[in-house]
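These are my notes from going through one model.

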Amino acid sequence: MHPETASIHAGQEIDPTTGAVIPPIYLTTTFERASDGSFPRGYIYTRNGNPNRAMLETCLAALEGGATCVAFSSGLAAAMSVFQALRPGDHVIAPDDAYHGITRLLREIMAPWGLEYSRVDMRDPQNVAAALRPNTRLVWIETPSNPLLKIADIAAIAEIARQAGALCAVDNTWATPVQQRPLELGADIVMHATTKYIGGHSDVLGGAVVFGANDAFAERVRFLQINGGAVPSPFDCWLALRGIQTLPYRVRAHAANAIQVARFLAEHPRIERVHYPGLETHPGHAVAARQMRGFGGMLSIEVEGGEAEAMAVAAKVKIITRATSLGGVESLIEHRASVEGPESTTPPNLLRISVGLEHPDDLIADLAQALT
């Protein structure tokens with residue numbers, strides 16, 4: 001199915017009991033056994049499985065073209081379970097520019113547990129090849145990256161990982177399955193923070209991992225989901241599914257607004273640099289155009305001056321909201337270095353903008369007055 005159809009129908013069947021078109025929310029923690037002690041309806045306990053979670057997992061697997069999906073209570077819980085499915089002593093290659101939660105997870109949780117990792121600039125696939133070790137088991141890609149929107153060639157890096165006997169995972173949160181399909185490009189695993197564009201309304205926390213094959217590694221991650229307990233609630237799954245129904249149309253509108261905002265900012269005298277792969281001047285534009293169906297709704301800008309000048313711009317916006325997160329219908333702006341803390345490598349004059357679904361002329365006017 002096309003994404004417009006899968007987002008509405010995959011995993012979401014008419015309720016057989018009532019005929020309800022929209023699935024009900026199964027707010028139950030446990031399920032009845034048969035008289036012989038079996039579970040003929042397939043459900044035991046909501047931590048193990050729930051109809052709403054099953055619907056969400058089926059839908060996300062269909063959207064990514066995967067064999068199976070495992071849903072979690074957050075994007076970081078999803079990522080951590082992928083890393084935990086490895087073994088102490090295994091090696092991971094990760095991007096030098098990535099969501100700071102992933103970097104912190106590797107540095108402060110997984111490394112003390114015994115996982116080894118290297119961070120490289122993945123804009124050049126040969127940097128990944130050079131970082132390979134005999135114990136490399138996973139290459140983790142984030143493209144576009146957060147917050148510098150670096151572009152990595154998924155197909156090239158996936159082939160390098162395959163030749164080395166390692167898995168290739170892609171954080172596809174910013175691109176979404178509507179605009180980027182990593183499994184089709186050779187990746188083995190796709191991760192989403194469903195909090196963002198998947199949910200789409202800034203009202204639900206969640207994560208998911210989609211696998212190209214329902215193999216032993218996928219089963220290991222599902223084991224960690226059930227026994228680690230980081231599962232989404234039935235209501236959270238229902239909210240995420242509701243958001244998915246409009247995902248293809250929202251994502252295209254986000255991208256259409258973002259390119260207009262990016263072009264305005266690229267010409268503004270107070271902006272030193274615009275990071276957006278839809279601009280022809282972006283160093284990753286050609287690769288992004290090849291592997292993406294649109295360039296997404298996220299961009300970052302570097303304001304002339306330093307941190308104080310950037311913070312002053314963020315302080316003056318009136319329509320755009322100063323807040324963490326992204327992918328909702330409302331536009332958000334954030335000074336990333338102050339969020340990431342003292343170990344941040346993000347330029348101090350950088351502002352990250354999640355371009356929402358407001359009229360682009362209003363967003364441009366808001367930024368124009370904030371930059372005066």
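I am working with a predicted model. I looked up the polar contacts between domain 1 and domain 2 and found 18 residue pairs across the interface, both residues of each pair at pLDDT 80 or more.

I found 4 salt bridges across the interface of domain 1 and domain 2. For the pair Glu-343 and Arg-107, I noted a salt bridge with 2.6 Å between the closest N and O atoms.

I noted the division of the chain: domain 1 covers 3-242 and domain 2 covers 248-371. Taken over C-alpha atoms, the centres of domain 1 and domain 2 lie 26 Å apart. Which three residues supply more than any other three of the area that domain 1 buries against domain 2? I wrote down Leu-149, Gln-179 and Tyr-197, which together supply 25% of that area.

I searched the whole structure and found 20 salt bridges. One that I looked up joins the side chains of Glu-159 and Arg-162, at 2.8 Å from N to O. Glu-159 and Arg-162 are 3 residues apart in helix 6 (residues 154-163), so about one helical turn separates them.

I traced an open sheet of 7 strands with mixed pairing, in the order 1-7-6-5-4-2-3. Strand 1 (68-72) and strand 3 (116-120) are at the edges; each has a single partner strand, so one side of each has no neighbour in the sheet. On average, with direction ignored, neighbouring strands of this sheet are turned by 20° against each other. I followed strand 1 to strand 7 (residues 207-211): the two run antiparallel and are joined by 5 bridges. Within this pair, I found Val-70 opposite Val-209 of strand 7. I also looked for a helix on this sheet and noted helix 8 (residues 216-228), which packs on it. Helix 8 touches strand 1, strand 5 (167-171), strand 6 (189-192) and strand 7, and its direction makes about 25° with that of strand 1.

I traced another open sheet, of 5 strands in the order 8-9-12-11-10, and its pairing is mixed. Its edge strands are strand 8 (271-275) and strand 10 (321-322), each of which pairs on one side only. How do strand 9 (residues 298-303) and strand 12 (residues 350-354) run, and how many bridges join them? I found the two strands antiparallel, with 5 bridges. Leu-299 stands opposite Ile-353 of strand 12. I noted helix 10 (residues 247-266) packing on this sheet, in contact with strand 8, strand 9 and strand 12. The direction of helix 10 makes about 15° with that of strand 9.

Technical notes: Residues are numbered from 1 along each chain as its sequence is written. This is a predicted model: local features need pLDDT of at least 70, side-chain atom pairs count only at pLDDT 80 or more; totals for chains, interfaces and linings use all residues. Side-chain values use heavy atoms; hydrogens and water are left out. Two strands pair if DSSP finds at least two bridges between them. Helices (H or I, at least four residues) and strands (E, at least two) are DSSP runs, numbered from the N terminus. Axes are lines fitted to C-alpha atoms, for helices over the stretch in contact, and angles run from 0 to 180 degrees between N-to-C directions. Contact means heavy atoms within 4.5 Å. Domain bounds come from an automatic or database domain assignment. Buried area is the accessible area (1.4 Å probe) that two parts lose on being put together, summed over both. A polar contact is a pair of N or O atoms within 3.5 Å; within protein, one must be able to donate a hydrogen and the other to accept it, and residues adjacent in sequence count only if both atoms are side-chain atoms.
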